Amino acid sequence: MQCTILVIDDEKNIREGLGASLQMEGWNVALAENGNKGLERFGKGDIDLVITDLRMPGITGEEVLSKVMAQNPSVPVIILTGHGSIDSAVDAMRNGAYDFLTKPLNLDQLTMIVKRALQGRELAIKHRELQEELNSSKSFESIIGKSSEMQKIFQMVRKAAKSKASVLITGESGVGKELIANALHNLSDRKDNSMIKVHCAALSENLLESELFGHEKGAFTGAVNRTRGRFELANNGTIFLDEIGEIDQNVQIKILRVLQEKKFERVGGEQTLEVDVRVVAATNRNLLEEIKEGRFREDLYYRLNVVHIHVPPLRERKDDIPLMITSFLQEFAKESGKKIEGIDNRTRSALYKYDWPGNIRQLRNCIESAVVMCSGNVITFDDLPPGIVDDSDTNTISIPTGIPMAEAEKILIAENLAINKGNKSKTADILGIGRKTLHRKITEYNIE
Ligand SMILES: Nc1ncnc2c1ncn2[C@@H]1O[C@H](COP(=O)(O)OP(=O)(O)OP(=O)(O)O)[C@@H](O)[C@H]1O
Ligand SMILES: [Mg+2]
């Protein structure tokens, strides 16, 4: 973000000296010789930070502060003051000034304060933007996904929901398969009827069979009553067969029959029952491998796989990470009653780079635990659970082959910026390009 700083001081030397030194740090600078002109300039709306003298003829620094606060409270105001007026500076802090400095000015100290203030403003803006994005249309049936991969899945879900075709959802653990299954039901004409979920892996073969199809009284030891199975309960609705890759051959045949003929018998029963059930199945196994190994029936696979939705792992759709972080942060901050305004850049970048083997479930748990650990109002690296590495000090960048030059350049710039913690002058130096060129490319490639 290229920031513009407004310096208001009636003393020409201070105003111009300050302006020059801020410009050397890479910021845009606007100068004003009195409060009136300063406020006029501020009114244009592009100022990110204000540095104002307190004692000036005409409009005072206090008035400048109160007008700026009224117009845009997210713009930090830094007060400059002579030795004699520290009390007024303290008052100004009470009225919302970000910090104050006494003259003669220590430029290093000023630069540090400005950097910190701008960083805070940038974090707050980023967090707000993500929140706004989240509140707009980027989530679908409470599934967050602005990446093109997820947008394609949403399209498929919308279409598939309207049909009765069986759907097979595949993907690693924690990618959101169950959320997709829920969406398929909720967007279908069956939404007012039941959605019945069966965790196939949790039950032994015999139990699973009676769970799915029900049993007659006395069908086996312990079958004291006739019991309806999940397929019956799901009549006119949807059945979700989770972890379908775990079920036994014997049960596979019976499920195949329901899919083909819509018919089955309860365990120990003779009466044939007919149901109208939409089947959605999920697995994190590779069923084609299972077929090769002789563990899964090929005919059942093709019956289940009329529509196939593969949910890619989070590491292949990193564009979804920032919105997810914001959403989980909002959720857990609310739950714990903490006022958390965002997450610092180093931590955000570590979360972005991490591989997330446990996918969204792991990211969610990570944010939940960070919110618990966080003692301030910004999540920092120390709040993260162990295992998430901060590799901002290592210097290798991996650029996949077969991508366009511009894409490679974007990665190179973004990674170097992250490694240098956002320091643009340093990044420009390392890359051997001018700072202006770097700024242009950052805007062009939309690098955060
Ligand atoms: N796109 C998403 N947006 C928001 N939350 C998500 C998303 N995907 C997954 N989650 C959350 O992550 C967790 C895991 O999701 P889910 O249970 O659907 O995964 P799964 O693929 O069924 O995993 P498993 O194979 O282990 O059963 C849930 O808390 C879910 O709400
Ligand atoms: Mg699941």
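**Exercise 1. Which residues are the closest to ligand 1, and how many residues surround ligand 1?**

*Solution.* The structure is a predicted model, in which local features need pLDDT of at least 70, side-chain atom pairs count only at pLDDT 80 or more, and totals for chains, interfaces and linings use all residues. Residues are numbered from 1 along each chain as its sequence is written, while chains are lettered from A and ligands numbered from 1 in the order in which they are written.

Step 1. A residue is counted near a molecule if its C-beta atom, placed from the backbone, lies within 6 Å of it. Ligand 1 is surrounded by 15 residues, and the closest are S173, G176, K177, E178 and I360.

Step 2. This shell divides into five nonpolar, six polar and four charged residues. Here Ala, Val, Leu, Ile, Met, Phe, Trp, Tyr, Cys and Pro count as nonpolar, Asp, Glu, Lys and Arg as charged, and the others, Gly among them, as polar.

Step 3. At least two shell residues come from each of β7 (143–144), α7 (177–186) and α15; helices (H or I, at least four residues) and strands (E, at least two) are DSSP runs, numbered from the N terminus.

Step 4. Domain 2 (145–312) and domain 3 (315–383) each provide at least three residues of the shell, with bounds from an automatic or database domain assignment.

**Exercise 2. Describe the largest nonpolar core.**

*Solution.* Step 1. A nonpolar core is a set of buried Ala, Val, Leu, Ile, Met, Phe, Trp, Tyr and Cys residues joined through C-beta atoms within 7 Å. A residue is buried if 20 or more other C-beta atoms lie within 10 Å of its own, exposed if 12 or fewer, and partly exposed in between, with C-beta atoms placed from the backbone.

Step 2. The largest such core has 64 residues, and I169, I180, L184 and I239 have the most contacts inside it. Helix α15 (residues 359–373) gives the most, namely six residues.

Step 3. A second, separate core of 30 residues includes V7, V29, F42 and V68.

**Exercise 3. Where does S142 lie, and is S142 buried or exposed?**

*Solution.* Step 1. S142 is found in the loop between β6 (139–140) and β7. Its phi is positive, about 55°, although S142 is not a glycine.

Step 2. Most residues other than glycine have a negative phi.

Step 3. S142 counts as exposed because it has 10 C-beta neighbours inside 10 Å.
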